[in-house]
Every structure is written in C-alpha cells, then in structure tokens.
Amino acid sequence: MDTFTAIAKSLGEVTLIAVLLGTGLPVIFATGIRLWSMEPATADGAGAGTRNQVAQVLAYLCFAIVIVAVVLGILYIAKDFISHTFDIQLFGAKPPKK
C-alpha cells in the first residue's frame, strides 16, 4: 500500500506541473499577445497611432516570463550535458567524474 501511495503522490505532482506549464505558459503568452494589440484608451481619437504604454509594458513582461521559463526548461533538460562539458552544476547536477 505504501508503494501505491508513493506512486499516486508522484503522479499527482507530475500532473500538476504538466497542467501549470502546459496551460499556464500558453495563457501567459496569449495574454501578452492580447495586451500587445490593445488600442489607445482615448475616445476622442487623440493619440491615434500610439499604443497603450501600460499594456505594452505588461505584454513585454508576459513575453519575458515565457522566455525565462523556456530557457530554464532547456537548461534543466541539458543539466548533465552542461555539467559534463563545462563543469558547471545547474539544478543539482552531479559533477563529472575525474
């Protein structure tokens, strides 16, 4: 029974991370796209041709979050290669044997 509990707990953790990254990052990216395309909030037409600066900054923030998550994911996947090749230990990678 202890093995079943451990497997169920691990499966739950993997599922939670998959849902957060599998839906969370695309939602953040889509929000960035939506903010990037916002029109100015003036009703009289003043400032036509300029973007909403707050929305643009928030869009950049959304894109930065997605880029950082992708780079961290690539580094996590390649942590053993980086440790072996460059002797830099990331995310708890084991140092190369000498």
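**Figure 1. K97 in the segment after α3.** At 85% relative accessibility, K97 is exposed, where exposed means over 50% relative accessible area, buried under 20%, and partly exposed in between (1.4 Å probe, protein chains only). K97 belongs to the segment after α3. The model is predicted: local features need pLDDT of at least 70, side-chain atom pairs count only at pLDDT 80 or more, and totals for chains, interfaces and linings use all residues. Residues are numbered from 1 along each chain as its sequence is written, and side-chain values use heavy atoms, with hydrogens and water left out.

**Figure 2. The whole chain.** The chain has 3 helices and 0 strands, and its elements run α-α-α from the N terminus on. Helices (H or I, at least four residues) and strands (E, at least two) are DSSP runs, numbered from the N terminus. Of the 98 residues in the chain, 13% are buried. The chain exposes about 7,800 Å², of which carbon and sulfur atoms supply 73%; accessible areas come from the Shrake-Rupley method with a 1.4 Å probe, and for residues only the protein chains shown count as cover. Among contacts with a separation of 6 or more, 33% are between residues 24 or more positions apart, a contact being heavy atoms within 4.5 Å.

**Figure 3. Helix α1 and its bend at G24.** Helix α1 covers residues 2-36, and its 35 residues should span 51 Å at 1.5 Å a residue; the end C-alpha atoms are 50 Å apart, which agrees. The expected span is 1.5 Å times one less than the number of residues. At G24 the helix α1 bends by about 25 degrees, and the proline P26 follows within four residues. The bend is the angle between axes fitted to the seven residues ending at a position and the seven starting there. L25, G32 and L35 are buried in α1, and the buried residues of this helix pack against α2.

**Figure 4. Helix α2 and its buried residues.** The 25 residues of α2 should span 36 Å at 1.5 Å a residue, and the end C-alpha atoms are 36 Å apart, in agreement. Buried in α2 are A55, Q56, A59, C62, F63 and V66. What covers them includes α1. An α-helix has 3.6 residues a turn, so residues three or four places apart point the same way.

**Figure 5. A nonpolar surface patch.** V68, L72, Y76, I77 and F91 form a nonpolar patch on the surface, with about 540 Å² of accessible area together. Patches are made of residues with over 30% relative accessible area and no salt bridge; like charges are joined within 9 Å, nonpolar side chains (Val, Leu, Ile, Met, Phe, Trp, Tyr) within 5 Å. A salt bridge is a side-chain nitrogen of Lys or Arg within 4 Å of a carboxyl oxygen of Asp or Glu. Y76 lies in helix α2 (residues 53-77) and is partly exposed, with a relative accessible area of 46%.

Figure 6. D87 is not a glycine, yet has a positive phi of about 60 degrees. D87 sits in the segment after α3 (79-86) and is partly exposed, at 39% relative accessibility. F91, also not a glycine, has a positive phi near 55 degrees. F91 is in the segment after α3 and is partly exposed, with a relative accessible area of 42%. Most residues other than glycine have a negative phi.
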